[in-house]
Structure formats: C-alpha cells, structure tokens
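Please keep the sequence and the structure in view while reading.

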Amino acid sequence: MVAVERRNWYRHGLVNSEGILNRTSVYYYPSYFEGGTRVKKSHAWIKWARNVVGWLKRRATEKVPVYRCNDFVPATRLVRDAVATGLRVV
C-alpha cells in the first residue's frame, strides 16, 4: 500500500525556555501523489491556500536578524519591536 502525500504545513512561532523565538512556517502543495499518480487539489482549495499564505506575507513587512546566522527573515512589527528589546529569532 502506498501512502497518500497531501502535505500542508503550518507551524506557529513559539518562544522556548531560552527566550528564543522559533519562526512561523507555512506552505502548501497544490497537488499530491496517490499510488504513483499526481492528483491536483481543487481550484477552490488552491485559491484558499494562496489567500492564506498571501495574507500572512502581507503582514510580515519587516526584517529581523536570525540568531547566530548571517541572514534576515521577514517578520511582523511586533516581532521587530521584540527583537529590539532582546528577543532572538531562529
């Protein structure tokens, strides 16, 4: 039996015991494989998923540094302000 791959992902950011914020992640796949055949998700579902991801991206208009890394990631104003007071983001 072949497993059905219908993966979508949302992980909300949480501040761990060390005061470090794990980033929020969100993505979706517009299709999946079932028994070796590619199956496209419904147009309505894909439209909904794009709207959700777009809504999140429009709110992450700031950039913050990644802790112990030479990179920046998108963030909301609230996260930017928290980073300015000592919050670290990974």
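**Salt bridges and strand pairs in a predicted model**

At 38% relative accessibility, Asp 81 counts as partly exposed, where buried means under 20% relative accessible area, exposed over 50%, and partly exposed in between (1.4 Å probe, protein chains only). The model is predicted, so local features need pLDDT of at least 70 and side-chain atom pairs count only at pLDDT 80 or more, whereas totals for chains, interfaces and linings use all residues. Residues are numbered from 1 along each chain as its sequence is written, and side-chain values use heavy atoms, with hydrogens and water left out.

- Helices (H or I, at least four residues) and strands (E, at least two) are DSSP runs, numbered from the N terminus.
- Asp 81 also meets Arg 80 in a salt bridge, at 2.9 Å from N to O.

**Glu 62 and strand E6**

- Glu 62 is found in strand E6, which covers residues 62–65.
- Contact means heavy atoms within 4.5 Å; leaving aside residues up to four places away in sequence, Glu 62 touches Val 73, Pro 74, Ala 75, Thr 76, Arg 77 and Arg 80.
- In a regular strand, side chains alternate between the two faces of the sheet.
- In E6, Glu 62 and Val 64 make up the covered face, while Lys 63 and Pro 65 make up the uncovered one.

- Two strands pair if DSSP finds at least two bridges between them.
- Strand E6 is joined by 4 bridges to strand E7 (residues 72–75), and the two run antiparallel.
- Within this pair, Lys 63 stands opposite Pro 74 in E7.
- The hairpin of E6 and E7 has 6 residues between the strands, and Arg 68 takes a positive phi near 60° there.
- Strand E4 (residues 31–34) and strand E5 (residues 37–40) also run antiparallel, joined by 4 bridges.
- Glu 34 stands opposite Thr 37 in E5.
- The hairpin of E4 and E5 has 2 residues between the strands, and Gly 35 takes a positive phi near 60°.

**A buried residue: Leu 21**

- Leu 21 lies in strand E2 (residues 20–21).
- With a relative accessible area of 13%, Leu 21 is buried.
- Among the residues that Leu 21 touches, not counting those up to four places away in sequence, are Leu 14, Val 79, Leu 87 and Val 89.
- Leu 21 and Ala 60 are 39 residues apart in sequence and 15 Å apart in space, C-alpha to C-alpha.

- Trp 9 is placed in strand E1 (residues 8–11).
- Trp 9 counts as partly exposed because its relative accessibility is 39%.

Terms used:
Salt bridge = Lys/Arg side-chain N within 4 Å of Asp/Glu carboxyl O.
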